[in-house]
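Colleague: I would like to go through the terms used for this model one at a time and hear what each of them rests on. Could we begin with what stands behind the word "buried"?

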Amino acid sequence: MFRNQYDNDVTVWSPQGRIHQIEYAMEAVKQGAATVGIKSNTHAILVALKRSSSELSAHQKKIISIDDHIGISIAGLTADARSLSRFMRTECLNNQYAYETPLPVSRLVTTVGSKLQVCTQRYGRRPFGVGLLVAGYDNLGPHIYQTCPSANYFDCKAMAIGARSQSARTYLEKHLDAFQNITDLEMLVAHGLRALRDTLPNEIDLNTKLALIESEERKSSVTKPRTEAAATASPMEEDKEPREPTPQVATDTDEHMES
C-alpha cells in the first residue's frame, strides 16, 4: 500500500504503527534554522541562527522572551512559535497573578506538552510544526528543555535542533562534561557559538547579537543588544558583581549569518 493512504489526518495510523502527520511536523523542525541550548550549574544560554528568506526581507526572530526568568528559541514554523509563545506568556501571567511567584520552568513545559498533545489526537487539526528549546531559572537552578511536535519534552544538559543540528550535537556531546563546572558566562557562550558554527558551511561568516535575562537577585530586563564580528569569541558584557552559587537565570544569544 502507498504511504499517502495513511497521512491524510493526524488520527490515522499506518500498518507500521506510525502517524505520518506527526513525522511531517517533526521534519519541519529539521528544516528550520539551527538553535543551541547549553546549561551549567549557574547559567543557561540559548544561541540561534537568524535567517532572512531573501535579501529584501528582514531576519526572522528566533529567540523570544516569555517571562523574566524564561526564554525560548525556535526551529520550524515561526507562526506556530508565536502562538505557543503567547500561550506560555499567559500561563506565566496567570501564575504570577494567582500565587505572586514565578511559574516553575518544569510546570510550564508540562503545560505546553499537554497543549501539543491535543493536536495529535483530535480529528481536523494538525500538529504544531515547531520545536522549542526552553531556557529558564527557578528554585531548582537553570534548565534547558526541548519540546517536539509529537508532544514529547525532555530535560536536557545541552541540546541542538534544526537544520544540520547533528554537527552541533556532536560538539556538545564531546564537551558535555566540561559544561557543568563552567562559571564563566563568556566561556559558556563561546561553546554555544562554536557548536552553532558547526551547523554552517565553511563559507558562511557568523556575527553575534546578545540579549540577557537575569535572576531576581540581579533583576533587569533584556539588555541592549550589540553587534560584533566574531566567529568563535562571545561578545558578552562582564559580570562585575560577585556571584552567589546560583545567581544568574538564563542567557539567550541571538545569532545571524551573513554570506
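Modeller: A residue is called buried when its relative accessible area is under 20%, and exposed when that area is over 50%. Please keep in mind throughout that this is a predicted model.

Colleague: What makes H6 largely enclosed by the rest of the structure?

Modeller: Of the 13 residues of H6, 10 are buried, so the helix is largely enclosed by the rest of the structure. Among these buried residues are Leu185, Leu188, His191, Gly192 and Arg197.

Colleague: How do you know what length to expect for H6, and what does the helix reach?

Modeller: The expected span is 1.5 Å times one less than the number of residues. For H6, with 13 residues, 18 Å is expected, and the helix reaches 18 Å from its first C-alpha to its last.

Colleague: Which contact is found at the start of H6?

Modeller: A side-chain oxygen of Asp184 comes to within 3.2 Å of the backbone nitrogen of Glu186, and the cut-off for a polar contact is 3.5 Å.

Colleague: Why are the buried residues of H2 said to line one face of the helix?

Modeller: The buried residues of H2 are Thr78, Asp80, Ala81, Leu84, Ser85, Met88, Cys92 and Asn95. Seen down the axis of H2, they fall within an arc of 140 degrees, so they line one face of the helix. The face turned away from this buried side carries the exposed residues Leu93, Tyr97 and Ala98.

Colleague: Why is Asp7 called buried?

Modeller: The relative accessible area of Asp7 is 14%, and the cut-off is under 20%, so Asp7 counts as buried. Asp7 lies in the segment before helix H1 (20-31), and a polar contact of 2.6 Å joins its side chain to that of Tyr24.

Colleague: Where does the charged end of Lys115 sit?

Modeller: The charged end of Lys115 sits over the ring of Phe87, 4.8 Å from the ring centre, where the distance cut-off is 6 Å.

Conventions:
Residues numbered from 1 in each chain as written. Predicted model: local features only at pLDDT ≥ 70, side-chain atom pairs only at ≥ 80, totals over all residues. Heavy atoms only, no water. Lys NZ or Arg CZ within 6 Å of the ring centre and 35° of its normal. Helix = DSSP H or I, 4+ residues; strand = E, 2+ residues; numbered from the N terminus. Buried < 20%, exposed > 50% of the residue type's maximum accessible area, 1.4 Å probe, protein only. Polar contact = N/O pair within 3.5 Å; in protein donor to acceptor, adjacent residues only side chain to side chain. Arc of directions from axis to C-beta.
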